[in-house]
Amino acid sequence: MSDPHDASRPWPVKPHILDRRSVARSRLFHVEELDLRFSNGAERTFERLTGTGQGIGAVMIVAMPDPEHVLLIREYAAGFEDYVLTLPKGLVDPGEDIVTAANRELMEECGFGANRIEPLVELSLAPNYMRHRMQVLLASDLYPRRLPGDEPEPLIVETHAIDELSALLAREDFHEARAIAALFIARDKLRSEAPVDAGLW
């Protein structure tokens, strides 16, 4: 029996896009239908959600006020009709690179800038239905700086220990998958770079 995880096996041929149609459009979202023909001859219609062209990407920031703690924000999530705890994030504006965008969002949402910002990873969300990508960045050496943002109300900023992620996961208000992944990736990076005799974690 062949191994389905065998890396030497050839990649499947991408389906051919027969047609694409706009189904609905709002201020933020655009729904498309794609008629696809797969390499085995099967034909299906898929729906996907795209943006309206504003911005050229998005960033999420793991901001460390010190080596043991991270800044989280509490904001209203309309999808859940409730307040959630998550990482600061936002769109990359035209003319910005991801580092500039991350620093601006950090100033707008948390009231801090960062002297050091480094890319960590790129994450996707529900790739069967959208092609949204989020750039995760690690920010450190923070300094107070507030910029006006577009939030409808002031965000609550909280400080949490990055080595207590299990406690965060036990909370009912912390469940955004991208934020969870970003924190684990950042924690593992910090652990790998910590001196052996540092006594951390």
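This is a predicted model: local features need pLDDT of at least 70, side-chain atom pairs count only at pLDDT 80 or more; totals for chains, interfaces and linings use all residues.
**Entry 1: the whole chain**

I started by listing the elements. I found three helices and 10 strands in the chain. Reading from the N terminus, I get β-β-β-β-β-β-β-α-β-β-β-α-α. So much for the order; next I looked up the extent. The C-alpha atoms fill a box of roughly 55 × 50 × 35 Å along the principal axes.

How many of the residues count as buried? The chain has 201 residues, and 35% of them are buried. I then checked the surface: the accessible area is about 12700 Å², and carbon and sulfur atoms own 54% of that.

Last item here, the charges. I noted 22 positive and 34 negative ones, and their mean positions lie 7 Å apart.

**Entry 2: the sheet E1-E2-E3**

Three strands make an open, antiparallel sheet in the order E1-E2-E3.

Then I zoomed in on one pair. Strand E2 (residues 29-37) and strand E3 (residues 43-51) run antiparallel and are joined by nine bridges. I picked out two facing pairs: His-30 sits opposite Thr-50 in E3, and Glu-33 has Glu-47 in E3 as its bridge partner.

What do E2 and E3 form? They form a hairpin, with five residues between the two strands. In the turn I spotted Gly-41, which has a positive phi of about 95 degrees.

**Entry 3: the sheet E6-E5-E10**

I found another open sheet of three strands, ordered E6-E5-E10 and paired antiparallel. Here the edges are strand E6 (82-86) and strand E10 (156-161); each has a single partner strand, so one side of each lacks a neighbour in the sheet. The twist averages 30 degrees from one strand to the next.

I checked one pairing in this sheet too. Strand E5 (residues 69-77) pairs with E6 in the antiparallel sense, over five bridges. Looking along it, I saw that Glu-75 stands opposite Val-84 in E6.

**Entry 4: Arg-104**

Now for the arginine I promised. Arg-104 is part of helix H1 (residues 98-110). Is Arg-104 buried or exposed? Its relative accessibility is 13%. Arg-104 therefore counts as buried, because the limit is under 20%.

Which residues does Arg-104 touch, leaving aside neighbours within four places in sequence? I listed Leu-91, Asp-93, Glu-96 and Leu-147 as its contacts.

Arg-104 and Val-23 are 81 residues apart in sequence, and their C-alpha atoms are separated by 34 Å.

Key:
Residues are numbered from 1 along each chain as its sequence is written. Side-chain values use heavy atoms; hydrogens and water are left out. Helices (H or I, at least four residues) and strands (E, at least two) are DSSP runs, numbered from the N terminus. Buried means under 20% relative accessible area, exposed over 50%, partly exposed in between (1.4 Å probe, protein chains only). Accessible areas come from the Shrake-Rupley method with a 1.4 Å probe; for residues, only the protein chains shown count as cover. Lys and Arg count as positive and Asp and Glu as negative; His and the chain ends are not counted. The place of a charge is taken as NZ of Lys, CZ of Arg, CG of Asp or CD of Glu. Two strands pair if DSSP finds at least two bridges between them. Axes are lines fitted to C-alpha atoms, for helices over the stretch in contact, and angles run from 0 to 180 degrees between N-to-C directions. Contact means heavy atoms within 4.5 Å.
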